[in-house]
Amino acid sequence: MLENADKCVKTYKTEEQHVEVVYKTIEYHLAMLAKNFKKYFFAEDNLIASYEWVRDPFQNTPEGFSTTEEESFIDSTSSGEIKRQFCNKTLFQFWAEVDDEFSELKTKAFRILLPFSTSYLCETGFSAVAALKTKYRSQLNIEKELRMSISNIKPSFENLYSARQAHGSH
């Protein structure tokens with residue numbers, strides 16, 4: 001489990017008492033990491049299980065739904081068309097294109113899925129700002145550059161070139 005720690009101990013040939021202290025320190029650190037992960041990433045198994053229906057509505061039954069939501073869920077999962085759509089699309093595409101008939105399910109699913117995509121976009125934006133605001137560009141107004149760096153749209157340089165007329169020699 002602690003292969004790198006073993007290499008470290010063998011490399012520096014520490015005394016037996018120091019090795020024990022190193023192992024105890026690492027063990028304590030890992031225990032604290034596990035405790036913090038549980039705090040931030042919902043260690044409660046029942047909470048995680050209650051969201052499984054979003055990832056695969058045909059294998060998992062939701063908990064805590066009202067009667068109308070549960071009936072709507074049963075109707076949606078019994079539809080062969082919806083099952084075909086689920087197999088052919090990404091998770092976000094599937095839930096975005098669910099019929100208005102199941103809008104309650106769609107809303108619940110997006111409330112679960114949306115925080116992940118928005119935090120990803122924030123992280124992407126911060127990374128782009130950090131890359132643009134380097135020591136050499138600290139005075140730069142980065143609004144246009146930032147828009148280009150975080151955009152998913154790739155410019156078509158051929159179309160841009162063809163729209164401009166080359167200047168002839170005078």
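R84 comes out as partly exposed, with a relative accessible area of 44% (buried is under 20%, exposed over 50%, and partly exposed in between, using a 1.4 Å probe and protein chains only). Helices here are DSSP runs of H or I with at least four residues, numbered from the N terminus.

This is a predicted model, so local features need pLDDT of at least 70 and side-chain atom pairs count only at pLDDT 80 or more, while totals for chains, interfaces and linings use all residues. Residues are numbered from 1 along each chain as its sequence is written, and side-chain values use heavy atoms, with hydrogens and water left out.

Across the whole structure there are four salt bridges. Another of them pairs E69 with K108, at 3.6 Å between the closest N and O atoms. E69 belongs to helix α5 and K108 to helix α8 (residues 103–132), so this pair ties together parts 39 residues apart in sequence. E69 is buried at 15%, whereas K108 is partly exposed at 25%.

Then there is S76, also in helix α5. S76 is buried, with a relative accessible area of 8%. Leaving aside neighbours within four places in sequence, S76 is in contact (heavy atoms within 4.5 Å) with F58, I82, F102 and L105.

Conventions. Helix = DSSP H or I, 4+ residues; strand = E, 2+ residues; numbered from the N terminus. Salt bridge = Lys/Arg side-chain N within 4 Å of Asp/Glu carboxyl O.
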